[in-house]
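Take a moment with the picture below, then read on.

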Amino acid sequence: MKNLALIVLLLFGAACSQQNLSPAETAKVVVESFYNKDNQKLREYTTVESYESFMAIQDIMTASTSGKSNFKVLQEKVDRDIAWAQFSTSYEEKPETFKLVKENGQWKVAEKGLREKSPF
């Protein structure tokens, strides 16, 4: 019975910690899970549309990459349930920007609207 209680506490703690990630931390998880092909984690931290987009380009984008991401946040802006994170990695020459939305209390990388521009 004690083991069951411990397992429940650990699972509850893991679920809570996932929801407490900042937009920048979420962006890092998405970048690293994408390049490491951890698609279960990638799905967890992206919207359905974003996940499908990532899956469509994953094999092409990850073919010639390896090593650590060296993820570095350059800028972050949060406005209620929408956030933007600009970052650099060792995988790309130029900085990238993710739009994030809050779904059920958890930040997820989302698709940018057709004419939507980042605040950076």
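Asp59 counts as exposed, with a relative accessibility of 55%. Here buried means under 20% relative accessible area, exposed means over 50%, and partly exposed lies in between, using a 1.4 Å probe and protein chains only. The model is predicted, so local features need pLDDT of at least 70 and side-chain atom pairs count only at pLDDT 80 or more, while totals for chains, interfaces and linings use all residues. Residues are numbered from 1 along each chain as its sequence is written, and side-chain values use heavy atoms, with hydrogens and water left out.

Which residue does Asp59 meet in a salt bridge? Its partner is Lys37, at 3.0 Å from N to O. This pair links distant parts of the chain, as Asp59 sits in helix H4 and Lys37 in the loop between H2 and H3, 22 residues apart. Lys37 is partly exposed, at 43% relative accessible area. A salt bridge here is a side-chain nitrogen of Lys or Arg within 4 Å of a carboxyl oxygen of Asp or Glu. As background, side chains of opposite charge can pair when their charged atoms come close.

A search of the whole structure finds three salt bridges, and they are set out here.

| Glu116 | Lys99 | 3.0 Å |

Glu116 forms its salt bridge with Lys99. Because Glu116 lies in the segment after S4 and Lys99 in strand S3, this pair ties together parts that are 17 residues apart in sequence. Glu116 is partly exposed at 25% relative accessibility, whereas Lys99 is buried at 12%.

Helices (DSSP runs of H or I, at least four residues) and strands (runs of E, at least two) are numbered from the N terminus. H4 covers residues 48-62, and its 15 residues should span 21 Å at 1.5 Å a residue; the end C-alpha atoms are 20 Å apart, which agrees. The expected span is 1.5 Å times one less than the number of residues. H4 also bends by about 40° at Ala56, the bend being the angle between axes fitted to the seven residues ending there and the seven starting there.

Which residues of H4 are buried? They are Ser50, Tyr51, Phe54, Gln58 and Thr62. These buried residues pack against helix H2 (23-35), helix H3 (39-44), strand S3 (96-103) and strand S4 (106-110), where contact means heavy atoms within 4.5 Å.

Strand S1 (residues 72-79) and strand S2 (residues 82-88) run antiparallel and are joined by seven bridges; two strands pair if DSSP finds at least two bridges between them. Lys77 has Trp84 in S2 as its bridge partner. Two residues lie between the strands of this hairpin, and Arg80 takes a positive phi near 60° there.

Finally, the whole protein. Its secondary structure comes to four helices and four strands, running α-α-α-α-β-β-β-β from the N terminus on. Of its 120 residues, 31% are buried. Among contacts with a separation of 6 or more, 50% join residues 24 or more positions apart.
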